[in-house]
Amino acid sequence: MKTGPAQTGPFPELGQYLENLGEEQSLIGILHRAQGLYGYLGRDIQLYIARKLNIPAAEVFGVVSFYSHFNTEPPGKFTISVCMGTPCYVRGAEAVLEKCREELNIGTGETTADGLFTLKDVRCVGACGLAPVVLVSDKVYGRVVPEDIRRILDDTVKEVK
Amino acid sequence: MALRCNVLVCGGSACLMSGDAAKVARNFELILKAKGFGDEAQVVTTGCFGFCEQGPIVKIEPDNVFYIKVSPSDVKTIVEEHITKGRIVERLLYEEPGLRRKLGKTEDMPFYKKQVRIALRHCGLINPEDIGEYIALGGYEALGRVLTNMTPQQVSDEIGRSGLRGRGGGGFPTGLKWEITRQSPGEKKYIICNADEGDPGAFMDRSILEGDPQGVIEAMAIAGYAVGAQTGIIYIRAEYPLAIKRLDTAITQARAHGMLGKDIFGSGFDFDIVFHYGAGAFVCGEETALINSCEGKRGEPDYKPPYPAQTGYKGFPTCVNNVETLANIPEIILKGAEWFAGIGSPKSPGTKVFALAGKIRNVGLVEVPMGITLREIIYEIGGGIKGGKKFKAVQTGGPSGGLIGEDGLDTPIDYESLLGAGSMMGSGGMIVMDEDDNAVDITKFYLEFALAESCGRCTPCRIGTKRMHEIAEKILAGEGSMDDLELLEQMAEMIRDSSLCGLGQSAPNPVLSTLRGFRKEYEKLIGKAKA
């Protein structure tokens, strides 16, 4: 892939990365890198990548919007991921997710107004022995029942303070 | 001092999540050292033992004692009692519910008795981050043999004669896939390892990659030689950080040992491996969609033919094999096609790894010979239904499969029999449901999955899954009629017959299988609506 001249610009780390791309690197790899650096792929970052790679911005947006891993909005400080794999579902994950929505007062995929929590339903995390599973960022809670949610959220908030 | 004992601690994702397996290993290191056993006992963090329900698992070798649910605070007791005095810690042994007897050895445990481990041969045995352990158990001997004694055609013939079929679910003969790729003209060729494991409740491939990454790397090099590829691509979910890390370590070590790179075994064969990461799209498990995703594009499937073996990655002939398929390869080369063909059933030789989950007592990862029945897996290996409830159904094949009820429990596990029972082999998720689960609700769950993951390229799948989901919701809400049932069935058949790729063609399977096996549950909900 051809890129423009080196620049310090708005995204210097990303700019530098784009200068040194290997032959087998793909747009998805670049987007992973950019999200790793900035936490999400806002419109400005997508435009920047498109210009650097000399491809239409629509192509970049088309890829970003196709894959659920990419965020276009800044995520909250903590991401609550409720596993919605089948084993978790048959062991009551839906009620757990519903309780999360209620306690946080947001819908799935949304972030609380204080920017603390983003709520996500995720595909199987593969810890089926612990179903239903809830992850708070990287921390794993197993065999969760709806009544546990308040405590999990409180503990998480306590950690920040 | 000579080493007299190995402490194997499970380092699979599930054990790391289910408690503090990492801390257990660390405590062993510290306490063994403090007791002066630092030179006599070695702590090894291994891949998955499979018995996830009872994790974290610790196994002491050569005593062959298997401890379950080990917490960091149990470590001191194990060291003081078992390792110092040779007394087994009864409290931490597995107790078979029916037997009321503590079982310390894996070969006595019903969970392991019927298993045959080929793809999982090194999981729970070796340190996946040490190539030395892999080589000590015969690792890279198969690659050496292939490169020095066999022609590419002999290799693909050998795999062909073994009868190995794709373990990602489709069941296409692996040897044939290799042979077509080998014969396709192309200035470059590629071999891709499909590690985009997406079925909910399936974690076979992750466990193999975490527990025995070298086995997959060796197999990719063998496949590369057979088809004429010098580059291997591992397409892996970004959600599998531990598997990625262990693979990365394994690749670096393989390069340092000359197992990857230029002129491997002095044969003139060059081969190396790169990563491409998935980004959360179920359809990318389909090989043409996967190739588009590797190229950095939206992961939409293409029409076949041409097949990837003819025109694949960047237009070059490409062979896509699933992780578990590859994990079988080195053993087939070492032990021979006849050995492999003699295991399992005639049309589906070998073994299959299943992730057993849901309302079953022993959740975990099992590898069984083909031909074993669902009943044996669920009741003997799986220990039956949790909490004394009644069995309702078992779901295989994930969102592409179906529900098999009580009357199908004696179905033998092979590609054709499972299709005949209205489900499919799939990649290996096996989810057990009990009397509390409603078949219509489960169907709605899978339709939700299909409609969220439909890529939108073809109309039957994009619109059809949405419409089927609406009808299922309507029936569940008690507002359905018998006409809806008929419409649902018609639509399911239409979507199956007219969708572009495997996702759409198989998305109606949960509907069709429940309409056939659990029609009464639909009718009951509709009956309620009338009343």
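**Group meeting: a two-chain predicted model**

I start with helix 13 of chain B, where 11 of the 13 residues are buried, so this helix is largely enclosed by the rest of the structure. A residue is called buried if 20 or more other C-beta atoms lie within 10 Å of its own, exposed if 12 or fewer, and partly exposed in between, with C-beta atoms placed from the backbone. Helices (H or I, at least four residues) and strands (E, at least two) are DSSP runs, numbered from the N terminus.

Some housekeeping. This is a predicted model, in which local features need pLDDT of at least 70 and side-chain atom pairs count only at pLDDT 80 or more, while totals for chains, interfaces and linings use all residues. Residues are numbered from 1 along each chain as its sequence is written, and chains are lettered from A and ligands numbered from 1 in the order in which they are written.

Back to helix 13 of chain B. Its buried residues include Val323(B), Leu326(B), Ile329(B) and Ile333(B). After the helix comes Gly336(B), which has a positive phi, near 100 degrees.

Thr325(B) sits in helix 13, residues 323-335 of chain B. Why does Thr325(B) count as buried? Because Thr325(B) has 26 C-beta neighbours inside 10 Å. Leaving aside residues up to four places away in sequence, Thr325(B) touches Leu164(B), Gly166(B), Arg167(B), Gly168(B) and Thr174(B). Touching, or contact, requires that the C-beta atoms of two residues, placed from the backbone, lie within 7 Å. From Thr325(B) to Pro213(B) is 112 residues in sequence and 13 Å in space, C-alpha to C-alpha.

Next, a helix pair in chain B. Helix 6 (residues 141-149) and helix 10 (residues 213-227) of chain B pack at about 15 degrees, and their axes are 9 Å apart. Axes here are lines fitted to C-alpha atoms, for helices over the stretch in contact, and angles run from 0 to 180 degrees between N-to-C directions. That angle makes helix 6 of chain B roughly parallel to helix 10 of chain B. Angles under 35 degrees count as roughly parallel, over 145 as roughly antiparallel, 65 to 115 as roughly perpendicular and the rest as oblique. On the side of helix 6 of chain B, the contact is made by Ala142(B), Leu143(B), Val146(B) and Leu147(B); helix 10 of chain B brings Glu218(B), Ala221(B), Ile222(B) and Tyr225(B). By class this contact of helix 6 with helix 10 of chain B has 7 nonpolar, no polar and 1 charged residues. The classes are nonpolar for Ala, Val, Leu, Ile, Met, Phe, Trp, Tyr, Cys and Pro, charged for Asp, Glu, Lys and Arg, and polar for the others, Gly among them.

Chain A has a pair to set beside it. Helix 1 (residues 12-19) and helix 2 (residues 27-38) of chain A have axes that come within 10 Å and cross at roughly 155 degrees. Helix 1 and helix 2 of chain A are therefore roughly antiparallel to each other. Among the residues making the contact are Leu14(A) and Leu18(A) of helix 1 of chain A, with Ile30(A) and Leu37(A) of helix 2 of chain A. The classes in this contact of helix 1 with helix 2 of chain A are 6 nonpolar, no polar and 2 charged residues.

As for chain A overall, there are 7 helices and 4 strands. Of its 161 residues, 37% are buried. The C-alpha atoms of chain A fill a box of roughly 55 × 35 × 25 Å along the principal axes. The domain assignment, which is automatic or from a database, gives chain A domain 1 (12-66) and domain 2 (78-160). The centres of those two domains of chain A, taken over C-alpha atoms, are separated by 30 Å.

Chain B is assigned domain 1 (5-113), domain 2 (131-341), domain 3 (351-434) and domain 4 (439-530). Domain 2 of chain B gives 14 residues, and domain 3 of chain B gives 16, to the contact between them.

Last, the two chains together. How many residues of chain B are in contact with chain A? There are 38, and they meet 28 residues of chain A. Helix 1 of chain B supplies the largest share of the chain B side, 4 residues. That side of chain B has 18 nonpolar, 13 polar and 7 charged residues.
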